[in-house]
Amino acid sequence: MTSFLATRAASVLLALGLVTTGCSTLGGIGSGLFGSSGPAAGTPGHVKGFLGGVVADEPTAAIAGRNVLSAGGNAADAAVAVGLTLAVTLPSRGGLGSGGACLVYKAAAGSKPQGVMFLPQPATSGGGDRPAAVPMLARGMFLLHARFGSLSFASLVSPAEQLARFGVPASRAFVRDLAVVAGPLAGDPGARATFYRNGLPLAEGDRMLQPELASTLAQLRTAGVGDLYQGTLAKRLVAAMPEAGGGLTADDLRRAVPTIAPALEIPLGGGDFASFLPPPADGGLATAAAFKLLRANPTAYDQARAAALGIAAEWRRGAGDPQALLAQTTIPAGSLPALPASASFATLDRDGNAVICVTTMDNLFGTGRMATGTGIVLAASPRATPLPLLSAGMVTNRNIDAFRAMTAGTGQEGAPVAAALTLAETLRTKQVMPVQPPEPGRANIITCGSYLPGPEGRCLWATDPRGAGLAVGSTAK
């Protein structure tokens, strides 16, 4: 197993364009190959010492984000690289057809966390035998970059494009998802050609090639993201709908736009505020309700779960303002139907800028069909499948304009409690993920015990050990 992991890690680093000759860390790259001044801005190894950290549910995507931080990009740049890489490496939960939401903090005077909302949106026609959602990931990542990024967007697309074109070892995270739906997914010719070999699902470490997806990513890099919504790629996607049964139209693509919204907030005292994804990413509302309970009683898992599901059910019934719902002293009991899978990732840069995101295909592998000629696995329409509880929270301090901690939860109905418990216990104990969330929840976390900007060595990151993700960064001075 050790030799396999070493080989796989080497393949991933080379695919992402990272040269590590004669050194053990990114911060050591510089003399010799690049000269005494080190790599230029935009090249991995440019930043020395403390980089920040990245956590993602799939390892190659986490490494892509760390490379961006090492090259001088900020947390938003790194998050875009992670999101687009997930489109290649984890299309079961974060493909180019997916949607989601991000919580973003810009470390500046008076700044408050904001939600970047790019949830899956249904086709207006409702036609097709497998209704698809409008692909929102590309527009969501572009809005995140346009508002908060610093490097060129094209440079952040390129690593994902290369991984799709030249192949990437199938990760444990992806193979686990593939095993769940291997039978029905094989019925789609595009999926069968991409995710199977000799009639069998790809195994961990098998090289996954996606030439059509590489061409789509190349078009996004050169023509811009708008091409997927009202250009050549849009026409290609709509032309694939009769065969895929997705029912998307040119008008659906044109109208679907991401938005930015204020986060939900809970004051914690001393200038600290807990911020959560706002509806329609109602997992943030559910996480906030669970967080309030778990702050008061760290072992009240069942009560926190009931509160999370109850407040989400109440909001989905159209009951009131989210902040007002959160202020209720008693939350009515409620339930939700079976919820689909999601994935999460988080990025923190050396200046204290932070991003945490959750994505979904609204079903593992969405509709189970690939849009011919694009390499895009289509997400399921939220009209056919209820959206998951996209759960993420973050703590920042308004008095000193600094980041403290952020968590995201996945695992169907367990997602809100996973995010809330991890955040509450990390704040209480000043440890990184001191307890594991109850099943089926999983969590990712980045925390700085003394805030950031501040003592850099106090920042830590972790991924749920029961998952197959990766937490990576550098705390070196």
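Helices (H or I, at least four residues) and strands (E, at least two) are taken as DSSP runs and numbered from the N terminus. The model is predicted, with local features requiring pLDDT of at least 70 and side-chain atom pairs counted only at pLDDT 80 or more, whereas totals for chains, interfaces and linings use all residues. Residues are numbered from 1 along each chain as its sequence is written, and side-chain values use heavy atoms, with hydrogens and water left out.

Phe-365 is located in the loop between strand S14 (354-360) and strand S15 (370-371). Its phi is near 60°, a positive value in a residue other than glycine. With a relative accessibility of 1%, Phe-365 counts as buried (buried means under 20% relative accessible area, exposed over 50% and partly exposed in between, with a 1.4 Å probe and protein chains only).

A nonpolar core is defined as a set of buried Ala, Val, Leu, Ile, Met, Phe, Trp, Tyr and Cys residues joined through side-chain atoms within 4.5 Å. The largest such core has 88 residues, of which Leu-96, Cys-102, Leu-144, Phe-174, Phe-195, Leu-217 and Val-355 touch the most other members. Helix H3 (residues 75-89) gives the most to this core, with 11 residues. Another core, of 31 residues, lies apart from it and includes Ala-274, Ala-286, Ala-289 and Ala-290.

Two helix pairs were examined, with axes as lines fitted to C-alpha atoms, for helices over the stretch in contact, and angles from 0 to 180 degrees between N-to-C directions. The axes of H3 and helix H6 (residues 153-166) come within 9 Å and cross at roughly 25°. Asp-77, Val-80, Ala-81, Leu-84, Thr-85 and Val-88 in H3 meet Phe-153, Leu-156, Val-157, Ala-160, Leu-163 and Ala-164 in H6. This contact of H3 with H6 comprises 10 nonpolar residues, one polar and one charged (Ala, Val, Leu, Ile, Met, Phe, Trp, Tyr, Cys and Pro count as nonpolar, Asp, Glu, Lys and Arg as charged, and the others, Gly among them, as polar).

For helix H14 (residues 283-296) and helix H15 (residues 301-316), the axes come within 8 Å and cross at roughly 150°. H14 and H15 are therefore roughly antiparallel to each other. The contact of H14 with H15 has 13 nonpolar residues, one polar and no charged. Thr-287 is also found in H14, and at 1% relative accessibility it counts as buried. Beyond four places in sequence, Thr-287 is in contact with Phe-276, Ser-391, Ala-392, Pro-416, Ala-419 and Ala-420.

Further backbone features occur in loops. A cis peptide bond with omega of about 15° joins Pro-279 and Pro-280, the latter residue, Pro-280, lying in the loop between strand S12 (272-276) and H14. A cis peptide bond also joins Glu-439 and Pro-440, with omega of about 5°. Pro-440 lies in the loop between helix H17 (415-429) and strand S19 (442-452), and Met-433 likewise lies in the loop between H17 and S19. Phi of Met-433 is near 45°, a positive value in a residue other than glycine, and Met-433 is buried, with a relative accessible area of 12%.

Definitions and conventions:
Angles under 35 degrees count as roughly parallel, over 145 as roughly antiparallel, 65 to 115 as roughly perpendicular and the rest as oblique. Contact means heavy atoms within 4.5 Å.
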